[in-house]
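Good morning, and thank you for making time for this presentation.

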Amino acid sequence: MKKSIFILCLFLTFGCNAQKVSKKGSPAPTPPVDIEALIAQMTIEEKVGQMTQINLDVVCEGGIYKLVEPHHIEPAKLNEAITKWHVGSVLNCGGHAYPLKQWHELVGEIQRVAATQGRLKIPILYGIDAIHGANYMMGSTLFPQQLGQAATFNPELVKRGAQITAYETRAAGIPWNFSPVLDVGRNPNWSRFFETYGEDPLVCATMGRACIDGYQGHSTTPDANHVAACMKHFLGYSGARTGKDRTPAIISDIELRQIYMPSFQAAINEGAMSVMINSGEINGIPVHANPAILTQLLRNEMNFKGMAVTDWEDVMKLHQIHKVTANNKESVKAAVDAGIDMCMVPNDFEFARHLIELVKEGKVTEARLNESVRRILVMKRDLGLFVNAMPPALKDFPDFGSAKHQQAARETAEESITLLKNDGVLPLSKTSKVLVCGPAGYSLTLINGAWTRTWQGTDAKYEDNSRHTIFEALQVINPNVTFSEGSTLDSLSNVDEAVSKASTSDVIVVCLSELPSTEKPGDIEDLRMPDAQRELVKRLSKTGKPIVLVLVENRPRIIHDIVPLCNAVVMAYQPGDLGSDALARILIGDVNPSGKLPFTYPAHEQSLLTYDHKFSETLDPKFGNTAYSPEWPFGFGLNYSTLTYGELKLSSNELKANGSISVSIDVTNSGKYDARESVLLFTRDHVASITPSVRKLRKFDKQLIKAGASATYTFTLTKEDLAFINKDLKSVTEPGQFDIMIGDKVATINYLP
Ligand code: BGC
């Protein structure tokens, strides 16, 4: 009875705006909402409300971050948010993951009140961080973190992961995902390094595009199985000088355009519906208060038409942290003047209160509000929310957390895991006596990383015990596998037991790690892998038994002193819930590894060069050219087969302004394993008006090469593929010679416009 009254109310409510709720919960064909007519009816308060985003905690029982268990909406609070403040958007969860049913109750109640109590019955835009899967929904599929996804060099896998994430997010009734991170991971100290697609702008742009395609379903009006993407964090967030989160970045205009912009431009071209702003500052100006970035660059130059949301509390931080405004009200004005559309306030209504006053005092115009409100309403319309904002029927999402989705996550992990060293100890025999050690050997928390059921991902109560730890995954295949921890993340633990067990084993698999973390809690003082964990490897190596080192990390922790003690090194990144199974299949040779590093793995703390460094940075103290000597370079990754690269074949050695040349190379697999090989094409400009990089990645492609077969990789190059940003901030290709490099093969071409 209650249910039918509710459905009737909903129909009447949305009926007023001539919309229909389809039976299946997916958008039914209806006349488009007249956004301008809606804006014309809105009061200043209602417009400001649309621009206000609050945290779920604000409308729940209990205090902010101290919700009463189990979490419930508090009707009076929700009523105040909707009827007094006219709030347009709500985000995230109370630091928890909820089952779908609970999400439906929470989101459904918010939408129901908006539809019944809100004067104009405008649906709420609910947003969430679904970072490596729908991580705040219990039972969802968890993929490798973005950094691991980049290591696949396979945009199709990134796209498929995003499609699944969108589906599982939408299953909860949530249509907006604060993802992907398009910040370029240039500094491995940064706590959010694992959230990036690595250090190269082209990889970030390609993977970012694929991800947005997957989230939005190649559309700017996503259907009921897709979500709006939010590219973040615009712009230069990852460039913090020290690597400490939300600290100053000093970035030249050239570098901004060369390194940090391409991934966002690609995402805009792909139709990304929203953007989140960088919480930090560039060259002394907090980005949230910088019209040159938020309006001139983002809107006028990059032609972004979607909606811009601030990051968490960042408007108030203009005064409270950055000290560029004298009080919170000035901060609101500065951010609105700079170009934000929606403020992730998110824990009170201060933003709305100040902005209403500013408009009434004539300091912000109503026309300015209209610009943002229009973008917000268009986004709601394009997401189908005016048609049906209610959570869907569960039966419409039969694949939520399904075996098919889990398999996709495992396959992504399998293509991401990167073999960095192997003297032949890998693959392991399925019957050998294996000892697994180290903190990541027996942990589901560590293999998943941050944004796993909670923000920092460290609450073990959410571990899904049907998933395997590394030890368990190996034991499923080989009963002769045992475990002895030997070290926690930061201190030795029962190391003598581990050493003694190791001495009677055939091989030791040591799984080193760091505590999952992100944002401020992830700031570190020392990039080295903690002493205790390195000491564990040193002690184990005294047994003389072969050591396979497995790395499960947020960022490349320095391990230079222990690499020589290891017979094999495998980078697992944070491979997600199915990552242990993927890793086990690689360790025993059921899967041939094919990941390649999407970043430079440093050998030393003071040598954090990226692969595209300048020539001057190669000079060493002995006047040689060895200064770029990382532990492993960008693009590095071994496999179990024998792959031979043939000679480069060019259609011509001369490139004209409007022409193109094709570059191809044959790769032969003479080993016993089928191999998926990513071929990376770099260029080097011999002479340029801005100091050129020693090399720049321009193309990549991954193909399956069967054992005993060959594959041809063909790339087409135009002048854009040789371009750089010049002193006038224009993308140019200067005439002259360029090297084309694939593996150790090099050919030189001339660009003659
Ligand atoms: C993070 C964003 C995230 C937002 C909402 C912020 O602290 O920087 O990446 O989307 O919180 O959770």
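This is a predicted model: local features need pLDDT of at least 70, side-chain atom pairs count only at pLDDT 80 or more; totals for chains, interfaces and linings use all residues.

**Aromatic contacts, ligand site and backbone**

Phenylalanine 153 and phenylalanine 700 are both buried, where buried means under 20% relative accessible area, exposed over 50%, and partly exposed in between (1.4 Å probe, protein chains only). Residues are numbered from 1 along each chain as its sequence is written, and side-chain values use heavy atoms, with hydrogens and water left out.

The structure contains 20 aromatic pairs. By definition, rings of Phe, Tyr and Trp (its six-membered ring) pair if their centres lie within 6.5 Å; planes under 30 degrees apart are stacked, over 60 edge-to-face, and the rest tilted. Phenylalanine 153 and phenylalanine 700 make an edge-to-face pair, 5.3 Å centre to centre with 90 degrees between the planes. This pair links distant parts of the chain, 547 residues apart: phenylalanine 153 sits in the loop between helix 6 (146-151) and helix 7 (155-170), and phenylalanine 700 in strand 26 (residues 696-705). Helices (H or I, at least four residues) and strands (E, at least two) are DSSP runs, numbered from the N terminus.

Another edge-to-face pair is formed by tryptophan 176 and phenylalanine 178, at 4.9 Å between centres and 75 degrees between planes. Tryptophan 176 counts as buried because its relative accessibility is 0%, and phenylalanine 178 counts as buried because its value is 1%.

I turn now to the ligand. Of the 13 residues around the ligand, Asp129, Arg192, His233, Asp311 and Glu519 come nearest; a residue is near if one of its heavy atoms lies within 4 Å. This shell divides into five nonpolar, two polar and six charged residues. Here Ala, Val, Leu, Ile, Met, Phe, Trp, Tyr, Cys and Pro count as nonpolar, Asp, Glu, Lys and Arg as charged, and the others, Gly among them, as polar. A ligand oxygen is 2.7 Å from an N or O atom in the side chain of histidine 233. For arginine 192 the corresponding distance is 2.8 Å, and for arginine 246 it is 2.9 Å. The protein covers 95% of the 310 Å² of accessible area that the ligand has on its own, by the Shrake-Rupley method with a 1.4 Å probe; for residues, only the protein chains shown count as cover.

Finally, the backbone. A cis peptide bond runs from glutamate 69 to proline 70, with omega near -20 degrees. Serine 179 and proline 180 are also joined by a cis peptide bond, with omega about 10 degrees. Arginine 453, a residue other than glycine, has a positive phi, near 65 degrees. Arginine 453 counts as buried because its relative accessible area is 4%.

How values were computed. A polar contact is a pair of N or O atoms within 3.5 Å; within protein, one must be able to donate a hydrogen and the other to accept it, and residues adjacent in sequence count only if both atoms are side-chain atoms.
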